[in-house]
Amino acid sequence: LPLLLEATLLRLASGSHHPFYNGFYYNHLMNDKGNGQEEVDYFNGAKLVVETSKDPVYSSNGANVTLPCHYHYEPDMEAKPKIRIKWSKLRDDYTKEQDVLVAIGKTYMAFGDFQGRAHLRQVSRREASLVISDVRLQDDGKYRCEVIDGLEDESDVVDLQLQGIVFPYQPPRGQYRLNFHEAEQVCQEQGAILATFNQLFQAWSEGLDWCNAGWLADGTVQYPIRLPRKPCGGLHLAPGIRSYGPRHRHLHRFDAFCFSSGLRGEVFYLDHPAGMTLEEAKQRCQDAGAEIARVGQLYSAWKFLGLDRCNAGWLADGSVRYPITKPRANCGPVEPGVRSFGFPSKGRFGVFCYKER
């Protein structure tokens with residue numbers, strides 16, 4: 001990029017750029033309806049309108065996704081060739097979280113984790129859609145599309161939602177042993193990330209009921225209850241998400257709610273007549289050209305691929321679990337789910353392996 005253009009893009013990303021005169025005149029006038037509200041009266045110009053999808057855009061881990069954004073003028077007029085376009089990723093409360101991409105004309109710059117994965121799609125007139133390739137779990141969230149034409153600066157928000165599953169996680173050493181940063185780490189080790197409140201709420205609406213409190217991505221501690229009961233906030237409370245609010249990220253310790261999305265490969269089960277130790281199980285997966293599966297991968301295979309196996313198997317964290325989509329006799333409770341035997345120090349079991357496609 002030429003130095004001047006690069007500097008302009010960086011100023012645009014930081015929000016410190018100064019608008020310049022573009023020939024549009026406008027004035028704030030009190031309307032005549034007597035309600036004290038202002039309306040904008042445009043003279044010798046046009047109003048810039050930016051529109052994105054009103055419905056969430058759904059995707060999954062590893063996929064490519066397009067976040068639609070278009071702009072036009074009222075009344076219609078030709079856009080300038082140097083329209084500025086800026087995409088930002090927002091927090092749930094709509095405050096800016098990070099810059100994704102800025103563009104002037106056909107020149108653009110992506111930032112942070114979006115470098116090499118984000119670009120504009122401008123195949124139609126007045127389009128400013130954002131294309132994200134190789135979608136990652138962290139990409140879930142709200143995005144603002146901002147179009148700047150001189151003094152005119154308008155934006156709209158689109159919600160990218162990853163199709164995934166939330167699962168509670170306790171480490172081998174037991175309940176309520178994780179501070180916030182350790183919770184982030186164990187989720188990553190299991191092929192997942194800490195869930196957001198929206199993801200936990202969606203899981204609750206789909207039936208998740210869990211009486212142990214866990215960390216969420218915003219540093220709060222919460223848990224979902226479908227059936228109110230005395231140990232879980234009391235019988236007098238309605239079903240819902242129970243919240244402890246924000247907790248100290250270093251001192252306080254709880255479990256974790258992790259979020260995993262679709263798989264780029266497959267999870268399969270291997271057995272041995274005499275069973276296997278954990279180390280033997282890891283080697284068996286390697287011999288099959290795979291690796292021992294993580295907890296998040298098993299949950300995703302159960303949720304999205306319908307994996308159903310009434311045989312316990314080792315996972316990478318040393319736990320023993322098995323997925324059931326069709327409950328039946330001798331396979332645990334009457335509800336579908338991933339059953340757990342905990343973290344046995346002894347015993348011989350099968351193994352769940354994961355292999356990239």
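The model is predicted, so local features are described where pLDDT is at least 70, side-chain atom pairs count only at pLDDT 80 or more, and totals for chains, interfaces and linings use all residues. Residues are numbered from 1 along each chain as its sequence is written, and side-chain values use heavy atoms, with hydrogens and water left out.

β5 and strand β11 (residues 129-132) run antiparallel and are joined by three bridges; L67 has L130 as its bridge partner in β11. Strands here are DSSP runs of E with at least two residues, helices are runs of H or I with at least four, and both are numbered from the N terminus. Two strands pair if DSSP finds at least two bridges between them. On to β10, which runs antiparallel to β11 and is joined to β11 by four bridges, with H119 opposite V131. Together the three strands make an open antiparallel sheet in the order β5-β11-β10. β5 (65-67) and β10 (118-121) are the edge strands, each with a single partner, so one side of each has no neighbour in the sheet. From one strand to the next, the twist averages 30°, where axes are lines fitted to C-alpha atoms (for helices over the stretch in contact) and angles run from 0 to 180 degrees between N-to-C directions.

Now look at the side chains of β11. S129 and V131 point one way, L130 and I132 point the other way, and all are buried. Buried means under 20% relative accessible area, exposed means over 50%, and partly exposed lies in between (1.4 Å probe, protein chains only). M109, in strand β9 (residues 107-110), also counts as buried, because its relative accessibility is 16%. The C-alpha atoms of M109 and L120 are separated by 10.0 Å, and the two residues are eleven apart along the chain.

Next come the pockets. A pocket is found on a 1 Å grid over the protein atoms alone, as an open set of points with protein on both sides within 12 Å along at least five of seven lines; a cavity is instead a set of points where a 1.4 Å probe fits but cannot get out, and lining residues have an atom within 4 Å of a point. The largest pocket has a volume of about 1200 Å³. Its lining has 43 residues, and D140, G141, I193, T196 and Q199 are the closest to its centre. Helix α3 (residues 197-205) gives the largest share of this lining, six residues. Domain 1 (47-162) and domain 2 (164-260) both contribute to the lining, so the largest pocket lies between them.

The second largest pocket has a volume of about 790 Å³. Of its 25 lining residues, L208, W210, Y299, G337 and V338 are the closest to its centre. β14 (164-169), α5 (295-304) and β24 (337-340) each supply at least two lining residues, and β14 gives the most, with five.

Finally, α5 itself is mostly covered, with eight of its ten residues buried; among them are L298, Y299 and W302. Just after α5, G306 takes a positive phi of about 70°.

Conventions:
Points joined across faces, edges and corners; volume = space filled by probe spheres on them. Domains from an automatic or database assignment.
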